[in-house]
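Trainee: Could you walk me through this structure, one feature at a time? I would like to learn how to read each term as we go.

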Amino acid sequence: MTKSTVLVIFSILLISFSSIAQETTSGIEGMRKNAISFNILGTTPFVGITYDRIVSENLSVEIGVGIPSVGAGFKYYPSGIKESKMLFHIGLTGTIISAKALDIWGSSEDDAGIFVAYLPIGVSFFGEKGFNLGVDLGPAVAEKFAPWGNVKVGYRF
């Protein structure tokens, strides 16, 4: 199974989650459910922009584009998503990083990309006026296990 196929399957699963999700529930009613954020590492190594959407009281999904990558993932909030509180989250993210773009010497002809699976464990803050902040750390696997992280700052609308 190629890395592109894995990302397509992962994206289809995320779209499935959002298509069966209710538009509003009692816990997140009136909350801003969409966000655009600036990321360092995470879904968009090394820097990038992500769009995420709250799809239920405990789940958000995200998709991102960065330099030089694309990725998608989800985060689960065990205590529910609430405004103006630091919230614990755990998730799963898949990212494809362009191998050719990382080849600064120009010797690589392979642009199949490097697939990175990341298990983010961290905290998020959803402000009442739209401010969005997230920080997480966790294990990642590409060719071997390594620590990975994410800092996200954005605006909810």
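Mentor: Let's begin with Gly138, which lies in strand S8. Strands (E, at least two residues) and helices (H or I, at least four) are DSSP runs, numbered from the N terminus. Please keep in mind that this is a predicted model: local features need pLDDT of at least 70, side-chain atom pairs count only at pLDDT 80 or more, and totals for chains, interfaces and linings use all residues. Residues are numbered from 1 along each chain as its sequence is written, and side-chain values use heavy atoms, with hydrogens and water left out.

Trainee: Does Gly138 count as buried or exposed?

Mentor: Buried means under 20% relative accessible area, exposed over 50%, and partly exposed in between (1.4 Å probe, protein chains only). Gly138 is buried because its relative accessibility is 14%.

Trainee: Which residues does Gly138 touch?

Mentor: Contact means heavy atoms within 4.5 Å. Not counting residues up to four places away in sequence, Gly138 touches Tyr118, Leu119, Ala146, Pro147 and Trp148.

Trainee: Where is Gly80 found, and what does Gly80 contact?

Mentor: Gly80 is in the loop between S4 and strand S5 (86–97). With a relative accessible area of 10%, Gly80 is buried. Beyond its neighbours within four places in sequence, Gly80 is in contact with Glu57, Asn58 and Leu87. Gly80 and Glu57 are 23 residues apart in sequence, and their C-alpha atoms are 5.3 Å apart.

Trainee: And Thr44, in which loop is it found?

Mentor: Thr44 sits in the loop between strand S1 (34–41) and strand S2 (47–54). Thr44 counts as buried because its relative accessibility is 0%. Leaving aside neighbours within four places, its contacts are Asn39, Ile49, Thr50, Gly64, Val65, Gly66 and Ser69.

Trainee: How many cavities of 30 Å³ or more does a search of the whole structure find?

Mentor: On a 1 Å grid over the protein atoms alone, a cavity is a set of points where a 1.4 Å probe fits but cannot get out; lining residues have an atom within 4 Å of a point. Grid points are joined across faces, edges and corners, and a volume is the space filled by probe spheres set on the points. Here the search finds one cavity of 30 Å³ or more, and the largest cavity holds about 100 Å³ of space. The lining has 14 residues, and the closest to the centre are Asp52, Lys75, Tyr77, Ser124 and Lys152. Strands S3 (59–67), S4 (69–76), S7 (121–126), S8 (131–141) and S9 (145–156) each supply at least two lining residues.

Trainee: How many aromatic pairs are there?

Mentor: Rings of Phe, Tyr and Trp (its six-membered ring) pair if their centres lie within 6.5 Å; planes under 30 degrees apart count as stacked, over 60 as edge-to-face and the rest as tilted. The count comes to two aromatic pairs. One of them is Phe125 with Phe131, tilted, at 6.4 Å centre to centre and 50 degrees between the planes. Phe125 is partly exposed at 22% relative accessibility, and Phe131 is partly exposed at 40%.

Trainee: What is the overall pattern along the sequence?

Mentor: The protein has two helices and nine strands, in the order α-β-β-β-β-β-α-β-β-β-β. Buried residues make up 42% of its 157 residues.

Methods:
On a 1 Å grid over the protein atoms alone, a cavity is a set of points where a 1.4 Å probe fits but cannot get out, and a pocket is an open set with protein on both sides within 12 Å along at least five of seven lines; lining residues have an atom within 4 Å of a point.
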